[in-house]
Every structure is written in structure tokens, then in C-alpha cells.
Amino acid sequence: MRILVADQNAMLLAAIASTFGRHCVIVTATRRDLCLQHLAQDRFDVVIACEKLRDCSGLELLSEIQTLSPHTLQIFSAPAARLAQLQSRLDDLPLLGTLFYPIDPRKLVVALK
């Protein structure tokens with residue numbers, strides 16, 4: 001399984017990559033342009049976009065990915081209060097699911113299964 005994880009927090013991305021790197025291919029990015037570059041070069045099974053990247057929002061990124069790579073499953077991650085605020089907007093996206101931020105590795109495993 002190939003997973004692209006996008007977030008502004010490089011330390012969180014490194015932790016996710018080291019935790020799951022033995023079990024699947026994890027590619028990480030902190031910016032929109034890098035995410036789109038990875039998607040242009042390789043096919044991903046899942047994209048996990050956190051609420052904020054360094055140069056755009058995770059929702060903006062997921063909207064673009066839906067257009068460019070509609071076969072890719074999408075997961076959005078944000079703090080619980082923010083997920084509640086965004087619920088009506090999230091209902092319009094073809095999300096596999098949502099995760100509370102910061103991402104809990106056990107919850108990520110459940111979401112990917």
C-alpha cells in the first residue's frame with residue numbers, strides 16, 4: 001500500500017513514516033506543490049491530509065486530488081472541534097474517513113484497514 005501523508009508538522013510526518021514504513025510505503029510532504037509532484041510521479045492508494053500544510057489547507061489539497069487522481073482514497077485529519085465545525089463541508093467530499101489531529105497511530109491503522 002502506498003500512502004501520501006501531508007501536514008505542516010515535519011516531526012509528526014517523521015513519526016508516521018518511522019512507525020508505518022516497515023508495513024507500507026509512506027511518502028510525506030509539508031507543501032501542496034510537493035504533494036502534487038508525488039502524485040504526478042506515482043500512484044497512491046491513500047492520501048491523508050491534515051488541516052494545515054505550509055502553503056494551503058488540507059481541504060484545498062484534497063479537492064485538487066479528487067480532480068487529479070479520483071481513484072485515490074482520501075482521509076482528512078483535524079482537531080475534533082474543527083472537524084465538528086467543518087462537518088457540512090466534509091459531507092460534500094468523497095472521504096474514506098476523518099481522523100482526530102494529531103494522528104494517533106492506532107486510529108490510523110483502524111482507518112486503513
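1. Buried here means under 20% relative accessible area, exposed over 50%, and partly exposed in between (1.4 Å probe, protein chains only). Helices (H or I, at least four residues) and strands (E, at least two) are DSSP runs numbered from the N terminus. The model is predicted: local features need pLDDT of at least 70, side-chain atom pairs count only at pLDDT 80 or more, and totals for chains, interfaces and linings use all residues. Residues are numbered from 1 along each chain as its sequence is written, and side-chain values use heavy atoms, with hydrogens and water left out.

2. Strand E3 is covered on both faces: Val 46, Ile 48 and Cys 50 are buried on one side, Val 47 and Ala 49 on the other. Five of the five residues of E3 are thus buried.

3. E3 pairs in the parallel sense with E1 over four bridges and, also in the parallel sense, with E4 over five bridges; pairing requires that DSSP finds at least two bridges between two strands. Val 5 stands opposite Ile 48 of E3, and Val 46 has Leu 73 in E4 as its bridge partner. From E3 the chain crosses through H3 to E4, a right-handed β-α-β crossover. Right-handed means that, with the strands pointing away from the viewer, the path from the first strand over the helix to the second runs clockwise.

4. Helix H3 (residues 58–68) has Gly 58, Leu 59, Leu 61, Leu 62 and Ile 65 as its buried residues. These lie on the same side of H3 because they cover an arc of only 155° around the axis, taken from the directions from the helix axis to the C-beta atoms. Thr 67 and Leu 68 are exposed on the face turned away from the buried side. The cover over the buried residues of H3 includes strand E1 (2–6), helix H2 (32–41), strand E3 (46–50), strand E4 (73–78) and helix H5 (87–90).

5. Glu 51 lies in the loop between E3 and H3 and is buried, with a relative accessible area of 16%. The side chain of Glu 51 makes a polar contact with the side chain of Arg 82 (2.5 Å). A polar contact is a pair of N or O atoms within 3.5 Å; within protein, one must be able to donate a hydrogen and the other to accept it, and residues adjacent in sequence count only if both atoms are side-chain atoms.

Definitions and conventions. Contact means heavy atoms within 4.5 Å.
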